[in-house]
Amino acid sequence: VCSSDLMPDIGVSSDSAELLGIVLAVLAGVGLVLLLVRFVRRRQQSQGDQGLDPERAARVDELRRRAREAEAAGDLTLALRLHFFALVVGLGQRGRLVYSDAFTNRELLERGEPGPEVERLLRPLVDELDEHSFGRRPTGPDEVARFAGLCERLLGEEAA
């Protein structure tokens with residue numbers, strides 16, 4: 001008894017079966033690449049969370065110091081902008097965002113590859129910062145305290 005006698009003929013030619021095998025192999029390869037990319041990103045995030053490199057930490061410290069000075073001098077909008085700048089530089093160091101000095105705030109969201117959590121956090125901040133920066137909304141001490149608090153919460157003491 002031949003195996004073909006046991007299986008009904010469903011009309012699949014050997015060429016179709018070979019094509020199906022190729023398609024499945026390609027899909028498996030794409031899946032493997034996607035898993036590898038995800039693994040590498042998570043590893044970069046976990047390595048970044050171990051701390052800032054000294055140069056970037058100094059830059060974040062300097063930005064936060066300048067923000068406190070601007071607030072003390074009454075330039076609340078500048079303080080807000082500097083806290084935001086410190087936040088994105090620090091998040092970039094930690095692998096949670098691809099940071100480049102050449103990116104605008106909006107480009108950070110589009111080209112900076114933020115994870116979903118970081119994008120949900122930054123998108124409304126960028127809109128709010130634009131309103132304050134372009135005079136459509138006055139900046140008060142509460143906004144500055146909130147941005148400073150975000151820096152503290154997300155970047156911690158090491159970059160204070």
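Select Phe85 to begin: its relative accessibility is 27%, so Phe85 counts as partly exposed. The model is a predicted one, and numbering runs from 1 along each chain.

The structure holds one aromatic pair, and Phe85 and Tyr99 form it, with ring centres 6.3 Å apart and 45° between the planes. Colour by secondary structure here: Phe85 sits in helix α4 (residues 76-93), while Tyr99 belongs to the loop between α4 and α5 (105-111), so the pair ties together parts that are 14 residues apart in sequence. Tyr99 has 16% relative accessibility and therefore counts as buried, the limit for that class being under 20%.

Now go to Arg81, which is also placed in helix α4. With 45% relative accessibility, Arg81 counts as partly exposed. Show its surroundings: leaving aside residues up to four places away in sequence, Arg81 touches Leu129 and Ser133. Then draw a distance from the C-alpha atom of Arg81 to that of Ala67; the separation is 7.9 Å, and the two residues are 14 apart along the chain.

Is Leu20 buried or exposed? Its relative accessibility is 52%, so Leu20 counts as exposed.

Methods. Predicted model: local features only at pLDDT ≥ 70, side-chain atom pairs only at ≥ 80, totals over all residues. Heavy atoms only, no water. Phe/Tyr/Trp six-rings, centres within 6.5 Å; stacked < 30°, edge-to-face > 60°. Helix = DSSP H or I, 4+ residues; strand = E, 2+ residues; numbered from the N terminus. Buried < 20%, exposed > 50% of the residue type's maximum accessible area, 1.4 Å probe, protein only. Contact = heavy atoms within 4.5 Å.
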